[in-house]
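Please describe this structure for someone who has not seen it before.

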Amino acid sequence: MTIEKIQEADKPQVMALLKQVNMHYVPSAEMPEISWENYFVVRMKGRVVGFCGYKILSDTEAKTELMAVDRDCRGLGLGLKLQTFRMKEMACRGIKILTTNCDLPKSIAWYKKHFGYEEVGRLKKVHEYSAPDIDCWTTLRVDLEKWARQSREVAADE
Ligand SMILES: CC(C)(COP(=O)(O)OP(=O)(O)OC[C@H]1O[C@@H](n2cnc3c(N)ncnc32)[C@H](O)[C@@H]1OP(=O)(O)O)[C@@H](O)C(=O)NCCC(=O)NCCS
């Protein structure tokens, strides 16, 4: 398993994964464009089985963009590795406040459980995107500086 910066040839596989999770409406009002320069893929035996990305909003703020792991490869810890990878990347770039909009209750619980996110609001979807039966995003936020400090302390203790 490797996590690598996305290459042009990976994009069709990423788009297929987006379709799997009903997030392939790009460009659209919900997702006008993808910040490809900040995307990473997880590859197993040469196949792209997951990806994640983020968007820089200012010198100190960013939001996560898209992330998905192939349905057949979930629960193996790939999502945990991808999310940790992008959070470290953003922390290294000086990002202090990270925002994530998420709709699936299981994913929201996962972000809160593992990465120190807190719920800060709700945002109505402007059209179908991701779960068709959920009409709003839950906005989550994490203090990335604090998360990075705590991750370093845990690593030093191990
Ligand atoms: C969120 C997502 C990326 C996590 O990927 P993943 O590789 O399954 O992540 P992990 O293996 O690290 O952890 C998944 C959690 O689901 C549990 N799980 C176990 N088997 C699972 C399975 N077959 N399917 C889904 N989840 C499973 C894991 O135990 C883990 O829970 P825990 O950490 O609370 O114990 C993935 O579920 C996904 O693509 N979801 C749809 C898109 C989405 O919600 N993206 C985020 C947008 S904001």
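## The ligand and its surroundings

A polar backbone atom of Gly-77 lies 2.7 Å from an oxygen atom of the ligand. The model is predicted, so local features need pLDDT of at least 70 and side-chain atom pairs count only at pLDDT 80 or more, while totals for chains, interfaces and linings use all residues. Residues are numbered from 1 along each chain as its sequence is written, and side-chain values use heavy atoms, with hydrogens and water left out.

| Residue | Part of the residue | Distance to a ligand oxygen atom |
|---|---|---|
| Gly-77 | backbone | 2.7 Å |
| Lys-113 | side chain | 2.9 Å |
| Arg-74 | side chain | 3.4 Å |

Taken alone, the ligand exposes 910 Å², and the protein buries 71% of that. These areas come from the Shrake-Rupley method with a 1.4 Å probe; for residues, only the protein chains shown count as cover.

Which residues come nearest to the ligand? They are Gly-77, Gly-79, Ser-107, Lys-113 and His-114, out of 19 residues around the ligand. To be near, a residue needs a heavy atom within 4 Å.

By class, this shell has eleven nonpolar, six polar and two charged residues. Ala, Val, Leu, Ile, Met, Phe, Trp, Tyr, Cys and Pro count as nonpolar, Asp, Glu, Lys and Arg as charged, and the others, Gly among them, as polar.

At least two shell residues come from each of strand E4 (61–69), helix H2 (78–92), strand E5 (97–102) and helix H3 (105–115). H3 gives the largest share, five residues. Helices (H or I, at least four residues) and strands (E, at least two) are DSSP runs, numbered from the N terminus.

## Two residues: buried or exposed?

Thr-138 is in strand E7 (residues 136–143). Thr-138 counts as buried because its relative accessibility is 5%. The cut-offs are under 20% relative accessible area for buried, over 50% for exposed, and partly exposed in between (1.4 Å probe, protein chains only).

Glu-8 lies in the loop between strand E1 (2–5) and helix H1 (11–20). Glu-8 is exposed, at 60% relative accessible area. Its side chain makes a polar contact of 3.1 Å with the side chain of Lys-11. Glu-8 and Trp-36 are 28 residues apart in sequence, and 9.3 Å apart in space, C-alpha to C-alpha.

Conventions:
Polar contact = N/O pair within 3.5 Å; in protein donor to acceptor, adjacent residues only side chain to side chain.
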